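Welcome! Please take a moment to look over the structure below, and then we can walk through a few of its parts together.

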Amino acid sequence: MELQKPRGTRDFLFDDMKKRKLVENTMRRVFETYGYQEIKTPIFEDLSLFTLKSGEGIIEEIYNFQDKGGRDLALRPELTAPVARLYLNNLQKAPRPIKMYYFGSCFRYERPQAGRFRQFWQLGCELIGGKSPDSEAEIIAMAAQCLGELELEDYQIHLGNLGILRGILNQDSVSADEQDQIMALIDKGDAEELEKLLEDLKLPAESRNILMELIGMQGHQEIISTVEKIISTYPNALDSLKELETLLKMLEAFGFSDYVVDLGIARGLDYYTGTVFEIYVEGLGAQKQISGGGTYNLIELFGGEKVESTGFAFGFDRVMEALKIQGTTAPSEGRVDVFVAPISSEMKLNAFKITQELRNSGISTDVELADRKFKKILSFASKSGAKYVVLVGAREMEEGKVTIKDMESGDQEQVSLEMVSKVLVDRINVKE
Ligand code: HAM
């Protein structure tokens with residue numbers, strides 16, 4: 001029997017993990033610079049948390065199961081609903097707005113393909129209790145800053161406002177459920193099915209044409225005035241357009257104006273209400289969306305008071321892939337900086353002592369643990385990527401000395417035992 005990992009999952013080896021950690025840390029740093037604090041929620045939750053208002057698409061993809069006590073549970077497909085629950089359970093009295101971020105895996109039972117997995121990671125945030133569009137502007141600027149610091153080049157941030165489309169549909173008395181169906185088709189980009197649905201729902205021809213025209217509209221600030229004319233007889237939609245216009249002004253104050261206004265963004269989840277945005281990297285092909293988010297109303301839906309909330313999540317695996325195809329993932333480094341090699345097995349205990357001393361000085365250090373002959377140890381030390389090897393020999397030890405070998409140049413230098421960690425700390429700092 002050959003053991004296999006489950007479909008749609010991946011193993012990450014050392015090099016992958018190093019690269020992922022670098023990217024993760026960069027994003028965490030940016031989030032924390034904006035005042036976000038990390039939270040962690042369970043990997044599984046009650047199934048009902050996700051069936052309430054996450055949208056058809058997601059419900060079909062939920063990994064759910066019954067535990068031994070007969071409870072209906074689900075592996076989380078995303079983290080916005082869990083964070084809304086966490087807020088209701090713990091943070092209703094906390095000063096607002098509350099800024100939270102998370103990094104964790106999500107599970108969706110979908111057909112695996114490039115960039116689409118059954119277990120994937122999201123690094124995202126939720127800002128609870130802020131105001132639109134102020135919070136949205138800051139969040140979008142933060143998303144852009146993350147990508148800037150990662151030196152990702154070819155990405156596009158598309159912004160829209162669901163209130164524009166919903167404003168039109170509300171005026172024509174389209175029910176919330178029907179609106180969700182419409183949004184799902186817009187999100188899929190299925191124009192044919194959409195037209196069919198709009199006909200079936202008997203949406204007036206004028207609204208139908210306007211809707212079809214709007215979802216194809218993309219541009220910069222200048223398209224606002226065009227849209228204004230198109231929707232001039234829909235007051236609620238006009239309010240949302242004004243909100244979008246203010247958002248664009250605020251974004252400029254936050255130092256970001258490289259957006260695309262895109263009224264065709266509908267999002268695949270049903271809880272969004274106003275501003276929505278998605279980030280694309282064209283080179284990724286079909287799974288080009290590396291991030292998505294917007295303003296939503298989940299807390300009220302879960303029985304809390306009405307609290308405006310905004311958030312987004314990076315699809316971490318897709319960000320990694322985008323960096324890879326661009327060729328900007330950092331070069332991988334060695335496993336440790338220093339390797340301590342006893343020249344003979346009698347020197348083993350001395351080698352262990354020196355190793356601990358180096359580790360206590362903050363130097364990443366490995367030592368021979370397989371009791372091999374010196375030549376084998378050196379070859380292993382070289383494969384570990386160590387920049388320096390400390391050679392521990394009997395004669396030198398008697399004089400209270402060891403030899404430091406620079407693995408790059410091959411140079412060797414005798415150093416007294418008292419000085420070895422200081423010398424290595426200095427050299428490693430210089431090399432870095
Ligand atoms: P989402 O668009 O469903 O939004 O997921 C966020 C990101 O996760 C996507 O943009 C995509 O990059 C990535 N992603 C989704 N499914 C997969 C998959 N099967 N494999 C790999 N990556 C995937 C949300 O989940 C919202 N909770 C975001 C949010 C936060 N909205 C407000 N706050």
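## A helix and a sheet

Helix H5 is largely enclosed by the rest of the structure, because twelve of its 16 residues are buried. Keep in mind that this is a predicted model. Among the buried residues of H5 are Ser135, Glu136, Ile139, Met142 and Leu147. H5 covers residues 134–149 and reaches 23 Å from its first C-alpha to its last, close to the 22 Å expected at 1.5 Å a residue. After H5 comes Glu151, which has a positive phi, near 60°.

Now look at how H5 meets helix H1 (residues 14–33): their axes come within 9 Å and cross at roughly 145°. The crossing in which H1 passes H5 is right-handed. H1 contributes Thr26, Met27, Arg29, Val30 and Phe31 to the contact, and H5 contributes Met142, Gln145, Cys146 and Glu149. Sorted by class, the contact of H1 with H5 holds five nonpolar, two polar and two charged residues.

Next, the sheet. It is open and has nine strands, in the order S1-S5-S6-S12-S11-S10-S7-S9-S8, with mixed pairing. Strands S1 (37–38) and S8 (218–219) are the edges, each pairing on one side only. Strands S10 (residues 272–280) and S11 (residues 289–296) pair in the antiparallel sense over six bridges, and Tyr272 stands opposite Tyr296 in S11.

| Helix | Strands met | Direction |

Technical notes
Residues numbered from 1 in each chain as written. Predicted model: local features only at pLDDT ≥ 70, side-chain atom pairs only at ≥ 80, totals over all residues. Heavy atoms only, no water. Helix = DSSP H or I, 4+ residues; strand = E, 2+ residues; numbered from the N terminus. Expected span 1.5 Å × (residues − 1). Buried < 20%, exposed > 50% of the residue type's maximum accessible area, 1.4 Å probe, protein only. Axes fitted to C-alpha atoms, helices over the stretch in contact; angles between N-to-C directions. Left-handed = near helix turned anticlockwise from the far one by under 90°. Contact = heavy atoms within 4.5 Å. Nonpolar A, V, L, I, M, F, W, Y, C, P; charged D, E, K, R; others polar. Pairing = 2+ DSSP bridges.
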